Amino acid sequence: MTTRGVLYVHSAPRALCPHVEWAAAGVLGVRVSLDWVRQPVAPGMLRAELSWQGAPGTASRLASALRGWHLLRFEATEEPSANAEGERYSNTPELGIFHAVTGAHGDILIPEDRLRAVLGRAARGEVDLRSEVEKLLGKPWDDELEPFRYAGEGTPVRWLHQVV
């Protein structure tokens, strides 16, 4: 069974670009050579996109391979498949990594237990309900990444198929 997704590298220092390619190649099992272009939102940084096809869980493995590198902004998405929900991972140097399960239409699905926990903490006055729900939806990551997403419109995308 396969699914597909996209790795969006929103900003990376030039010296980190080959390491991103090697990490992606290690996950996908094929050689990866990205078309790096200037990131106008962050002078001196580059960006690239990689569409992939592979086994469910590939986005998770990509995010794990990239998550520890300082100055790297990325998102890894995975479409739902017959036996698995979709996923989205977002990473920024300031916020770290965010993970969300996504449904067939790309909506974020928040597990009931996480919502109950936030409601309980808000009822006790420990947290602000609105800000906690925004965190569950990934709003802080979206706010930080949105200028980088917009700057990437029209960027070439390369399709790679994982060897399964």
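## Strands, helices and the model

The structure is a predicted model.

## Q39, a loop residue

Between strands β2 (37-38) and β3 runs a loop, and Q39 lies in this loop. Is Q39 buried or exposed? Buried means under 20% relative accessible area. Q39 has 0% relative accessibility and therefore counts as buried.

Which residues is Q39 in contact with, leaving aside its neighbours within four places in sequence? They are H10, S11, M45, L46, R47, F148 and A151.

## V6, a strand residue

V6 belongs to strand β1. Its relative accessibility is 15%, so V6 also counts as buried.

Not counting residues up to four places away in sequence, V6 touches L50, S51 and W52, as well as E75, A76 and T77. Along the chain, V6 and T77 are 71 residues apart, yet a separation of 5.3 Å is found between their C-alpha atoms.

## The buried side of helix α2

Helix α2 spans residues 58-66, and its buried residues include T58, A59, L62, A63 and L66. These residues cover an arc of only 135° around the axis, which means that they are on the same side of α2. An α-helix has 3.6 residues a turn, so residues three or four places apart point the same way.

What covers the buried residues of α2? The covering elements include helix α1 (17-28) and the strands β1 (3-13), β3 (45-54), β4 (73-78), β5 (86-92) and β6 (96-102).

Notes:
Residues numbered from 1 in each chain as written. Predicted model: local features only at pLDDT ≥ 70, side-chain atom pairs only at ≥ 80, totals over all residues. Heavy atoms only, no water. Buried < 20%, exposed > 50% of the residue type's maximum accessible area, 1.4 Å probe, protein only. Helix = DSSP H or I, 4+ residues; strand = E, 2+ residues; numbered from the N terminus. Arc of directions from axis to C-beta. Contact = heavy atoms within 4.5 Å.
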